[in-house]
Amino acid sequence: MTQTIGIVGLGLIGGSFARTIRARTDARILGRDICDETQAAAQAEGVIDDRLTREGLAACDILILALRPEDAIAWMRAHIDDIRDNCLVLDVAGVKREVCATLGALCEDAGCRFVGFHPMAGYHKGGFAHSSDMLFEGASAIICEDEYTDPAASTCVAELMRSLGFGQVVVTTPEHHDEVIAFTSQLAHLVSNAYIKDPRAIQYDGFSAGSFHDMTRVATLDADMWTELFLANRDNLVSHLDALVAHLADYRMALVAEDADVLRELLEAGVCAKDASVRASLCRHDDEDDGNDGGSDNANGRSGS
């Protein structure tokens, strides 16, 4: 039986889900976007079959909320009564604690199933025009489980994401997700955005072998979206930012003091930290290959999918 999948928000992520689902499945795709031009383009290109209406919402087997955290919560509160019983609802927001707690409870009361989800994929330009059916190829899919999570629903999401080309599925808690993502994603965007503000940045042409471009790649960002994400996860982000500032202060003191020994020790410690990070990643992947047929990485002691 052909599934009906609804997608709310047809920007970079929502549009890429629509394109990938279209390319890899025979599902009926209903989509909805606040921008009339985006809506028209998605329908004209055949990326979606039709507009997601109240009637269509009641027919959806799976509903993907490709919205920012606050928008996802507001949209669900406004439309929860239109969602069919047992519908599988997942969001793609970049922070999970408030989203999972609010939408998990809302869906449980309404008789549908919610799974917090975060696709670790993106592009420095947003919008439907930059969406792609290859955006998720090989990417990590993070599933966040809590007291509201139906294990069968979590397994369903994991299987769907593997069928859409994701390379691995990581299962964790909303709390652990937000703590780690503050370091691996949010801090990187913040540092890159701050680094490029040096007025000498415009003089880089001919003076970089690639490190400048690597350091500044994610400086280009959606300021509204990242402001919301940063503030929603400010406790974790501030903690990681404080640690970075302290490390930078150590380097600064060594430079001011012209202390070559301390500076060398700091640099060598950084190299060792990088090596340890790489080895840990390789070990996790080796463990998955040896002992986990489904390719899931169960972070923070959570049960697998």
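A residue is called buried when its relative accessible area is under 20%, exposed when it is over 50%, and partly exposed in between, with a 1.4 Å probe and protein chains only. The model is predicted, so that local features need pLDDT of at least 70 and side-chain atom pairs count only at pLDDT 80 or more, while totals for chains, interfaces and linings use all residues. Residues are numbered from 1 along each chain as its sequence is written, and side-chain values use heavy atoms, with hydrogens and water left out.

With a relative accessible area of 12%, Thr173 is therefore buried. Thr173 sits in the loop between β8 (168–172) and α7 (174–195), where helices (H or I, at least four residues) and strands (E, at least two) are DSSP runs numbered from the N terminus. A polar atom of the Thr173 side chain lies 3.0 Å from the backbone nitrogen of His176.

Helix α7 packs against helix α10 (residues 234–256) at an angle of about 60 degrees, their axes being 9 Å apart; the axes are lines fitted to C-alpha atoms over the stretch in contact, and angles run from 0 to 180 degrees between N-to-C directions. This makes α7 oblique to α10, since angles under 35 degrees count as roughly parallel, over 145 as roughly antiparallel, 65 to 115 as roughly perpendicular and the rest as oblique.

His247 and Ile48 are 199 residues apart in sequence and 49 Å apart in space, C-alpha to C-alpha.

Conventions. Polar contact = N/O pair within 3.5 Å; in protein donor to acceptor, adjacent residues only side chain to side chain.
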